[in-house]
Number of protein chains: 4
Amino acid sequence: MDGPDSKGLIYHVTGVLYRHGLNIIHNDEYVSPNGQFFMRTEFESAPDVTFDSAALLSELNTALPNAEGITFRLNPKRKKNIVVLVTKEHHCLGDLLIRYAFDELDADILAVVSNYNHLQPLVSKFGIPFHYVSHEGRSREEHEEAILRTLSIYEPEYLVLAKYMRVLTSDFVNRFPNRIVNIHHSFLPAFVGASPYRQAYERGVKIIGATAHFVNNDLDEGPIIAQNVKEVDHRHTASDMATEGRDVEKIVLSQALKLVFNDRVFIAGNRAIVL
Amino acid sequence: MDGPDSKGLIYHVTGVLYRHGLNIIHNDEYVSPNGQFFMRTEFESAPDVTFDSAALLSELNTALPNAEGITFRLNPKRKKNIVVLVTKEHHCLGDLLIRYAFDELDADILAVVSNYNHLQPLVSKFGIPFHYVSHEGRSREEHEEAILRTLSIYEPEYLVLAKYMRVLTSDFVNRFPNRIVNIHHSFLPAFVGASPYRQAYERGVKIIGATAHFVNNDLDEGPIIAQNVKEVDHRHTASDMATEGRDVEKIVLSQALKLVFNDRVFIAGNRAIVL
Amino acid sequence: MDGPDSKGLIYHVTGVLYRHGLNIIHNDEYVSPNGQFFMRTEFESAPDVTFDSAALLSELNTALPNAEGITFRLNPKRKKNIVVLVTKEHHCLGDLLIRYAFDELDADILAVVSNYNHLQPLVSKFGIPFHYVSHEGRSREEHEEAILRTLSIYEPEYLVLAKYMRVLTSDFVNRFPNRIVNIHHSFLPAFVGASPYRQAYERGVKIIGATAHFVNNDLDEGPIIAQNVKEVDHRHTASDMATEGRDVEKIVLSQALKLVFNDRVFIAGNRAIVL
Amino acid sequence: MDGPDSKGLIYHVTGVLYRHGLNIIHNDEYVSPNGQFFMRTEFESAPDVTFDSAALLSELNTALPNAEGITFRLNPKRKKNIVVLVTKEHHCLGDLLIRYAFDELDADILAVVSNYNHLQPLVSKFGIPFHYVSHEGRSREEHEEAILRTLSIYEPEYLVLAKYMRVLTSDFVNRFPNRIVNIHHSFLPAFVGASPYRQAYERGVKIIGATAHFVNNDLDEGPIIAQNVKEVDHRHTASDMATEGRDVEKIVLSQALKLVFNDRVFIAGNRAIVL
């Protein structure tokens with residue numbers, strides 16, 4: 001749930017759960033400096049109780065003295081349906097495929113879509129549909145329409161940009177609000193845009209990083225879900241940094257997806273709240 | 001509060017706070033795998049309300065359907081009174097003194113006690129009493145009695161072992177249950193005992209660390225509050241590791257003390273729960 | 001090269017290279033506290049020069065005024081031949097296979113050997129021979145003999161224990177001196193032996209880690225090549241720690257293998273020198 | 001030494017040292033992608049040898065077949081003379097003073113200069129001259145002239161900006177080429193300019209950092225000497241980030257100064273080479 005903070009929110013909400021005989025396994029809340037309240041409550045019903053989600057949601061909406069602006073979401077624990085978009089690089093995709101193959105992803109990969117066919121052999125090893133949607137000879141809008149046609153087959157809940165190297169239009173992004181996760185190969189906001197490792201080398205940084213974030217209208221903007229870093233030194237060329245960085249990228253992306261797929265990420269303006 | 005978990009604990013407790021007109025600023029809870037419930041609730045009263053802590057505590061103790069084994073503690077936000085014990089090394093003490101001088105420690109250093117007089121000049125710069133209690137010519141018990149006599153002047157709530165290099169007896173430790181914080185110069189449980197950097201060098205580790213923990217009867221045991229690490233390589237001698245390690249030690253100790261002095265650390269057997 | 005330190009070693013060796021018209025790309029040396037000298041020199045010959053490695057090695061052995069105990073090794077830059085041993089866990093193997101499939105491993109995986117057949121489907125996706133050598137109904141010695149028979153087909157330069165969960169006998173280990181790389185799922189020397197994440201949970205550590213090391217006669221001993229760590233907190237069960245730890249394990253193993261396969265690791269007693 | 005790379009540089013230089021009877025303790029070199037050669041050689045003379053630095057330097061300059069553009073610098077191991085500039089924040093200065101008081105700084109702090117008098121009491125504890133040079137009622141140029149007059153008393157080799165919060169003019173900076181070390185309270189190049197923690201909070205980053213760098217003409221530019229980072233989460237306000245960041249800042253600054261004062265940092269354009 002999230003909305004404007006007011007006195008008694010935790011009390012009233014946990015009261016509804018208590019009266020429904022539900023057992024809270026984990027509860028975490030956060031109040032932002034500007035007075036927004038966020039709470040994630042993980043609960044389970046007893047084996048002998050028929051859980052009525054509609055009734056619960058209805059009662060939650062009426063239990064608060066001041067519920068205006070409060071939104072409740074009931075998310076049963078289940079795997080999310082996703083489509084992965086890639087270009088040519090394999091490391092993030094490979095990591096996702098291995099996790100998926102061993103049921104560690106908290107998601108079902110319905111398909112992989114790419115503007116190149118380089119990664120088709122890898123994807124086919126895992127028995128997942130691969131769609132090669134080239135951007136050659138197409139305007140950006142035409143290309144995105146072709147991708148959207150492919151996506152319409154699968155109706156994924158989330159799109160994962162696992163090193164998809166094309167900028168998406170606002171029109172495209174707006175169709176998937178806070179449902180597109182991107183991995184950017186730098187410690188944002190350092191080195192936005194192209195060739196971040198080249199930029200990092202030229203700036204002579206001693207640490208490189210990677211950032212997983214939701215995509216919004218601005219390139220390399222959108223709420224940051226997870227970041228991680230790795231030490232480098234002057235001996236690392238831009239290419240060496242890219243090699244080292246790939247290990248950071250793939251782990252950060254997986255960490256972020258785990259949080260997203262377990263409904264642990266809330267959005268507060270341009271910030272991600274992880275509960 | 002902590003005690004056996006049961007349904008409705010959050011609801012009942014937040015209900016008491018709500019009826020007292022108290023506003024929850026932050027609430028965090030944890031249920032251990034063996035069914036112990038821990039909750040830390042940070043709240044404030046409205047400016048126009050007279051806060052009656054005795055009434056609140058009393059009502060909390062009667063509000064729960066099943067309060068058996070549940071303990072409530074009401075800790076007003078205030079600085080803790082501490083005494084720091086040291087031997088010869090200055091880095092942790094120096095860091096604490098600088099923080100204290102600029103009101104960053106969440107504690108008042110009532111005195112520094114040492115079995116050597118090496119650090120007396122440093123302590124005197126900051127206008128804090130320094131007690132030199134030598135262990136020379138004294139049995140361990142006699143030495144500890146002398147220290148206890150000094151401590152009795154101050155009646156500190158916490159003892160901070162900021163590189164105090166003598167093992168304490170069970171008798172001594174038992175007088176301050178979960179009130180003695182030690183910094184150990186290794187990433188426990190690696191390298192317990194003496195000369196951990198020498199051990200680390202000989203084992204050829206690539207990372208060194210430091211551990212802040214409560215002291216219990218066993219040497220280098222007791223719940224771990226905070227740990228941190230630093231990369232080293234084969235060029236680091238045992239002495240170089242010690243030098244690098246000092247920076248880790250002083251920061252980890254301060255981090256741990258901040259948690260302890262803000263009443264954020266709960267004890268579950270030999271584990272520290274940080275809420 | 002390595003051996004006893006003496007004055008002029010760098011000068012004499014670089015002189016031989018200079019007279020052979022070789023260009024030093026990178027040179028790194030280390031003198032241990034007990035007077036052992038280690039030097040790794042990366043050089044290339046000019047395109048128009050015929051490189052005579054035998055002559056070079058011969059001259060190196062005669063160039064030093066005091067060459068007693070000095071060993072030279074000339075390693076052309078090439079991929080190493082390896083066999084990977086696994087049990088049931090897939091994460092390290094999966095990471096190696098993806099790297100291998102995209103030519104990032106600096107090695108050729110000749111085969112995968114396992115005492116279970118769980119990972120056969122994964123390995124077969126990558127077209128690599130998989131040998132299931134069960135330990136059921138065999139003594140430790142009989143099992144190792146069966147493995148050795150399999151290895152004799154491939155004559156690998158290195159064995160990689162990518163979560164191979166059986167202890168190897170001295171006899172086995174001695175056949176591959178400093179040629180077996182293991183990944184241990186703890187920050188050694190903390191938590192040697194079985195169930196390190198269980199141990200870590202019970203000790204309440206705030207950081208977990210993984211260690212890649214050469215295998216020698218003692219369990220979880222042998223020179224440490226690489227280590228890395230990850231923060232955890234009280235919410236992590238032993239199982240959560242294992243999950244988080246797997247990401248550390250697979251990255252640390254790959255980092256260590258990259259150093260080993262590029263001939264960057266020297267052995268000094270029980271310490272690994274990385275040049 | 002540094003200059004254009006050519007074949008035989010290590011050989012010729014170590015030959016001169018060898019003929020002078022000098023023993024190399026540590027040697028490290030680096031060739032940049034654009035063909036610049038950097039070498040740092042740490043050596044000692046035998047107790048019975050009179051070390052003639054002028055003769056050595058002269059011979060080094062004539063020993064190379066192609067010495068054009070090569071610069072040699074002979075730096076005896078000794079403490080550097082420094083002046084520290086601060087504004088109001090105490091944490092970096094406090095850390096330097098404690099290290100200095102216990103002879104751990106590899107430098108003598110000749111004086112502390114500040115545009116405020118807040119830190120005078122702290123500095124006076126350590127018996128170091130404190131100069132309050134207010135910028136009130138002065139133009140930037142007048143203020144810098146006043147500072148330069150103060151500095152002229154001490155003729156320091158290095159200026160350390162330990163949270164000196166005023167931008168320096170090019171004229172000022174050019175008087176101390178690669179001799180001014182600054183600590184910037186962000187992971188550069190993220191969040192250049194003022195209020196980096198405020199910027200970091202608003203961007204919702206999950207990691208904050210600090211950067212020690214040489215100062216050149218551009219604000220927050222100049223070769224990066226050392227960086228470090230710390231994880232944060234959504235609960236950290238900008239003020240919390242600043243508090244956490246101070247620990248990173250003071251450690252990074254000290255690490256960078258140790259490298260600089262031990263003559264381990266070379267400059268290659270806008271990159272710092274640490275040998």
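Me: Which side chains meet Arg246(D) or Glu104(B) in a salt bridge?
Reply: Those two pair with each other: Glu104(B) and Arg246(D) form a salt bridge at 3.7 Å, N to O. A salt bridge here is a side-chain nitrogen of Lys or Arg within 4 Å of a carboxyl oxygen of Asp or Glu. Keep in mind that this is a predicted model, where local features need pLDDT of at least 70 and side-chain atom pairs count only at pLDDT 80 or more, while totals for chains, interfaces and linings use all residues. Residues are numbered from 1 along each chain as its sequence is written, chains are lettered from A and ligands numbered from 1 in the order in which they are written, and side-chain values use heavy atoms, with hydrogens and water left out.

Me: How many salt bridges sit between chain D and chain B?
Reply: The rule finds 6 across that interface. There are also 9 residue pairs in polar contact between chain D and chain B, both residues at pLDDT 80 or more. A polar contact is a pair of N or O atoms within 3.5 Å; within protein, one must be able to donate a hydrogen and the other to accept it, and residues adjacent in sequence count only if both atoms are side-chain atoms.

Me: Which elements of chain D touch chain B?
Reply: α3 (91–101), α4 (120–125) and α8 (238–261) of chain D each give two or more residues to that side. The largest share, 7 residues, comes from α8(D). Helices (H or I, at least four residues) and strands (E, at least two) are DSSP runs numbered from the N terminus.

Me: And how much area do chain D and chain B bury?
Reply: About 1900 Å² between them, with 58% of it on carbon and sulfur atoms. Buried area is the accessible area (1.4 Å probe) that two parts lose on being put together, summed over both. The contact takes 21 residues from chain D and 22 residues from chain B, where contact means heavy atoms within 4.5 Å.

Me: What rotation puts chain D on chain B?
Reply: One of 180°, with 0.0 Å of shift along its axis and an RMSD of 0.0 Å. That is the relation of a two-fold axis. The superposition is by least squares on the C-alpha atoms of residues with pLDDT of at least 70 in both copies. In chain D, Lys125(D) comes closest to that axis, with its C-alpha at 2.9 Å. The copies meet through the same surface, because 100% of the interface residues of chain D are also interface residues in chain B.

Me: OK, switching to chain A. What's the contact with chain D like?
Reply: 33 residues of chain D are in contact with 34 residues of chain A. The area buried there is about 2900 Å², and carbon and sulfur atoms give 56% of that. On the chain D side, Arg203(D), His234(D) and Arg271(D) lose the most area to chain A, together 25% of what that side buries.

Me: How many salt bridges and polar contacts there?
Reply: The rule finds 4 salt bridges between chain D and chain A. One of them joins Asp28(D) and Arg235(A), at 2.8 Å from N to O. β2 (23–31), α7 (196–203), β10 and β12 (271–274) of chain D each supply at least two residues to the side touching chain A. β10(D) gives the largest share, 6 residues.

Me: What about the rotation for chain D onto chain A?
Reply: A rotation of 180° with 0.0 Å of shift along its axis does it, RMSD 0.0 Å. Ala190(D) is the residue of chain D that comes closest to the axis, at 2.2 Å for its C-alpha.

Me: Last topic, the sheet. What's the strand order in chain D?
Reply: It's an open sheet of 7 strands with mixed pairing, ordered β6-β5-β4-β7-β8-β9-β10 in chain D. Strands count as paired if DSSP finds at least two bridges between them. β6 (130–132) and β10 (224–231) of chain D stand at the edges, each with a single partner strand, so one side of each has no neighbour in the sheet.

Me: How do β8 and β9 of chain D run?
Reply: Antiparallel: 4 bridges join β8 (residues 180–184) to β9 (residues 207–214) in chain D. Asn182(D) stands opposite His213(D) in β9(D).
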